[in-house]
Amino acid sequence: MTPTTTTLNRRTFLKTASAGAAGLVIAVYLPDISEARVATGPTPSGAFAPNAWIRIGTDDSVTLIIDKSEMGQGVVTSMAMLIAEELECDWKRVRTEFAPAAKEYANPLFGLQGTGGSTSVRAMYAPLLKAGATARAMLIEAAAQKWDVDKSACRAENGTVINDATKARLSFGSLADAAAKLPVPKDVPLKDPKQFHLVGRATKRLDIPDKVNGRAQFGIDVRVPGMLHAVVARCPVFGGKVASFDATKAKAVRGVKSVVQISSGIGVIADNTWSAMEGRRALDIKWDEGARAGLNSANISKYLAERAAQTGAVARKEGDAAAGLAGAAKKIEAVYETPFLAHATMEPMNCTAHVRADGCDVWAPTQFQTFSQNTAARITGLKPEQVNVYTTFLGGGFGRRAEQDFISDAVELSKAAGAPVQVTWSREDDMQHDFYRPASYSQFTAGLDAEGWPVAWTNSIACDSIMSRFFPGSVKNGLDESSVEGCADLAYAIPNILVNYQLSETGVPVGFWRSVGHSQNAFFSECFLDEVAAAGGKDPYELRRRLLAKSPRHLGVVELAGTKAGWGKPLPAGRFRGIAVLNSFGSYVAQVAEVSVNRKEGSVRVHRVVCAVDCGRTVNPDTIAAQMEGAIVFGLTAALSGAITINHGRVEQGNFDDYPVLRMNEMPTVEVHIVPSENAPGGVGEPGTPPIAPAVCNAIFAATGKRIRRLPIRPEDLA
Amino acid sequence: MAISFVLNGKPQSVDVDPEMPLLWVLRDTLTLTGTKFGCGMALCGACTVHIDGEPTRSCITAVSSVAGKKVTTIEGLSADRSHPVQQAWIELDVPQCGYCQSGQIMSACALLAKNRKPSDAQIDDAMAGNICRCGTYQRIRQAIHRAAELHAPPPHKPASQPNARPAAPVTTAELAPGTANPAELVAGGAE
């Protein structure tokens with residue numbers, strides 16, 4: 001399938017694609033990948049490359065091509081496991097390479113090559129099992145022909161085809177040449193999952209050994225002969241432009257080669273990164289700050305509150321919320337607010353490009369290879385197929401590396417310099433020129449009956465729309481579903497629900513941030529649900545159980561987390577629990593947080609988090625645990641300290657001193673429990689993030705009786 | 001004028017701006033890219049190296065200040081990933097994206113060199129300067145304890161079982177009953 005993503009509604013294509021995963025893509029010949037530092041030669045003659053993901057050499061080498069970006073979520077291993085499960089190769093000999101940008105590697109859920117939305121396993125589970133099975137069938141057929149027996153007499157195991165009757169064995173490598181000459185069979189039967197020996201078993205990650213000795217090559221580590229290093233001075237105000245500049249002093253800095261103007265600002269090109277940074281310090285630039293120079297956080301907050309008060313696009317309607325409220329015995333109201341957030345990946349944005357007359361090489365830590373290829377093609381005037389994209393390891397992604405601004409920097413700079421150029425963003429560049437998690441404002445009203453059960457729920461949300469920029473075709477009638485996900489799809493059995501969305505334009509660039517709309521909307525909906533519980537005199541765990549009685553997977557994780565956390569049982573003095581649950585990216589996650597609050601100091605400590613996840617069939621359970629652990633840390637940073645604030649059109653934070661993130665000494669104990677499931681695989685990279693903020697804030701209410709209705713949690717909100 | 005120091009056990013001489021931070025000399029001049037740039041202000045620890053054995057943020061250390069000293073980077077820790085900290089990191093699958101891990105490992109090694117059996121609180125204290133956005137802190141803490149065990153002098157019968165692998169520790173994933181065989185959880189499949 002090759003849908004045009006710009007015209008597809010994101011949720012629709014996720015549904016469509018998960019219903020019928022794309023068929024196996026068969027490439028005639030897979031061009032070899034050569035990386036800047038670790039160059040590999042052409043495919044050896046006689047090698048068996050039946051499809052875009054598998055290459056078996058006559059020397060018994062097995063190379064599996066990974067077409068997803070590895071940003072820590074373990075895709076190198078999980079993708080390889082899926083192929084190897086059916087291929088029956090020797091797992092100990094598996095090598096992996098990152099795929100080039102090529103149409104064969106389009107993500108079936110996006111229609112273009114990219115990694116995001118917790119889709120890797122969801123998109124590739126069936127295609128990769130099939131790719132492995134098809135290759136295995138061809139190796140078996142080749143062996144059967146050599147032995148002149150029926151293929152049913154042969155089976156594959158551990159990189160060898162075996163004839164059990166004769167005990168004859170042939171290695172995959174010795175069959176590669178013959179298998180390569182066979183037609184590719186269609187509809188090869190797949191294993192019953194009960195027979196899996198790799199998929200579903202905790203498996204050590206293939207990329208770890210090179211991540212303990214400095215060998216793993218991230219984008220910033222690319223070194224090509226003749227490469228220059230560059231940094232770019234960007235207007236500190238969103239949308240501002242260069243009015244004029246004087247590069248005299250910058251050019252006098254030792255190591256600086258040239259100073260050039262590009263679309264994002266003034267680039268300083270030098271023979272090392274430090275000289276480029278020093279050269280930038282010496283630049284004299286006059287900026288035209290433009291129309292957004294007056295932006296500040298207070299005005300934005302006021303604007304979003306005004307938007308939320310207006311009638312917007314209907315995102316969810318059940319029953320008659322107005323009538324439900326009118327007839328309610330008790331009504332409660334609350335407003336919630338969250339700030340802009342930066343991604344702050346540990347590896348700052350960077351890219352290396354080499355523009356030539358006849359082609360362009362791009363080495364990049366990118367989440368979207370198709371976009372990177374198209375970006376370079378647009379700037380150079382080359383055809384996309386003349387642009388080679390070499391994907392490196394990503395030093396964190398979290399959605400930031402779906403953007404292409406670092407790609408265009410490098411391509412424009414290389415074009416200007418006539419040499420390979422690596423652009424490196426400083427931490428301040430990275431934090432002040434991000435595409436931020438949108439600031440959001442959420443208004444709630446709930447009506448309760450005389451017994452304290454909720455009968456009506458209204459919610460009005462105002463925030464910037466990410467999809468309006470990224471996939472504009474998906475925004476219809478003013479509704480960006482990603483802005484309301486986690487609120488509009490409220491799972492609780494409440495008869496009257498109305499959720500509205502006001503598409504807003506604050507002037508701050510916004511983008512995908514780990515778990516997207518769910519990240520703030522789970523905080524809103526799960527905290528307000530706790531308010532409903534308190535107003536009705538119900539236990540928050542028991543209220544969830546009752547209202548989720550007809551949502552078995554929600555209920556399953558709530559009960560597992562509650563049981564493992566000992567909900568209702570006594571805690572050490574000063575400790576309190578809170579719970580939250582959300583379904584996102586095809587998976588269900590509930591978390592119970594145990595906290596203590598020091599009201600005098602205005603501080604909160606999270607001691608323990610019990611996490612239950614139902615993500616359907618598992619590929620690598622240890623990776624699922626790791627993703628839950630990491631997602632909880634990511635969400636805790638947002639809850640406890642994350643805030644990007646704007647003044648005079650500029651981001652006020654610049655580094656980890658004023659944008660603090662969770663550190664080792666604040667790390668709670670995290671326990672992850674996986675629900676056994678035979679449902680289709682769900683995502684695991686993002687679903688662990690949304691529930692933690694509400695779980696913590698609900699625990700704070702248990703401790704203090706005070707509601708946290710804005711993030712990050714402030715000392716005065718704990719007093 | 002050239003600046004000379006010992007880098008990963010070998011003499012090294014560089015002719016660069018004496019004010020250039022050691023980080024960029026390592027990465028750009030000497031192409032030793034295992035040491036990472038994260039913040040440029042000694043706030044995140046990604047650039048941690050050892051200078052005469054002390055964990056040091058190379059992003060704010062002028063190269064001139066290491067003249068005559070011994071510098072060890074992640075590449076110089078061991079030739080074959082045999083350092084107990086590297087072994088423990090592999091055993092527990094600590095890294096996710098891996099970008100901060102050179103710095104984490106260098107800080108952990110420096111801690112264990114001084115304190116062979118650190119407590120959780122001592123680990124928190126020594127490691128609080130190293131940021132990980134992937135959130136691997138819990139595994140780092142466990143891996144430091146594991147490295148301390150690997151690092152400890154062998155008990156009663158040294159080398160009696162030269163091929164015995166250390167018992168793999170239990171990870172955080174206490175799987176719900178029936179999800180998978182816990183023995184397989186720790187045994188792995190890619191060694």
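The buried residues of helix α6 (273–281) of chain A pack against β8 (228–233), α5 (248–251), β10 (256–262), β11 (265–270) and β18 (421–424) of chain A, and also against α1 (22–29) of chain B. Please keep in mind as you read that this is a predicted model. The buried set in α6(A) consists of A:T273, A:W274, A:S275, A:A276, A:M277, A:E278, A:G279 and A:R280. Because 8 of the 9 residues of α6(A) are buried, this helix is largely enclosed by the rest of the structure.

**Where chains A and B meet**

Across the interface, 63 residues of chain A are in contact with 61 residues of chain B. On the side of chain A that touches chain B, the elements giving two or more residues are α6 (273–281), α17 (621–640) and β27 of chain A. Which element gives the largest share of that side? It is α17(A), with 9 residues. Sorted by class, the side of chain A that touches chain B holds 33 nonpolar, 16 polar and 14 charged residues.

**A five-stranded sheet**

Elsewhere in chain A you can find an open sheet of 5 strands, in the order β13-β21-β20-β19-β14, with mixed pairing. The edges are taken by β13 (313–318) and β14 (330–338) of chain A; each has a single partner strand, so one side of each is left without a neighbour in the sheet. From one strand to the next, the twist averages 10 degrees.

Strand β21 (residues 496–504) of chain A pairs with β13(A) in the antiparallel sense over 5 bridges. With β20(A), in turn, β21(A) runs parallel, and 9 bridges join the two.

| Residue | Opposite residue in β21(A) |
|---|---|
| A:V314 | A:N500 |
| A:R316 | A:V499 |
| A:T458 | A:L498 |

Is β21(A) largely enclosed or left open? 9 of its 9 residues are buried, so β21(A) is largely enclosed by the rest of the structure. In a regular strand, side chains alternate between the two faces of the sheet. In β21(A), A:N496, A:L498, A:N500, A:Q502 and A:S504 point one way, while A:I497, A:V499, A:Y501 and A:L503 point the other way, and all are buried.

Helix α7 (residues 297–308) of chain A lies across β14, β19 (440–448), β20 (454–464) and β21 of chain A, and runs at about 135 degrees to β20(A). Helix α14 (residues 517–535) of chain A packs on the sheet as well, touching β14, β19 and β20 of chain A, with its direction at about 155 degrees to that of β14(A).

**Helix α16 and its cover**

Buried in α16(A) are A:H554, A:L555, A:V557, A:V558, A:L560, A:A561, A:G562 and A:A565. Their cover includes α15 (540–547), β22 (576–584), β23 (587–598), β24 (603–614) and β27 (669–674) of chain A. Of these, β27 of chain A also gives two or more residues to the side that touches chain B. Just after α16(A), A:G566 takes a positive phi of about 70 degrees.

Methods
Residues numbered from 1 in each chain as written. Chains lettered and ligands numbered in written order. Predicted model: local features only at pLDDT ≥ 70, side-chain atom pairs only at ≥ 80, totals over all residues. Buried ≥ 20, exposed ≤ 12 C-beta atoms within 10 Å, placed from the backbone. Helix = DSSP H or I, 4+ residues; strand = E, 2+ residues; numbered from the N terminus. Contact = placed C-beta atoms within 7 Å. Nonpolar A, V, L, I, M, F, W, Y, C, P; charged D, E, K, R; others polar. Pairing = 2+ DSSP bridges. Axes fitted to C-alpha atoms, helices over the stretch in contact; angles between N-to-C directions.
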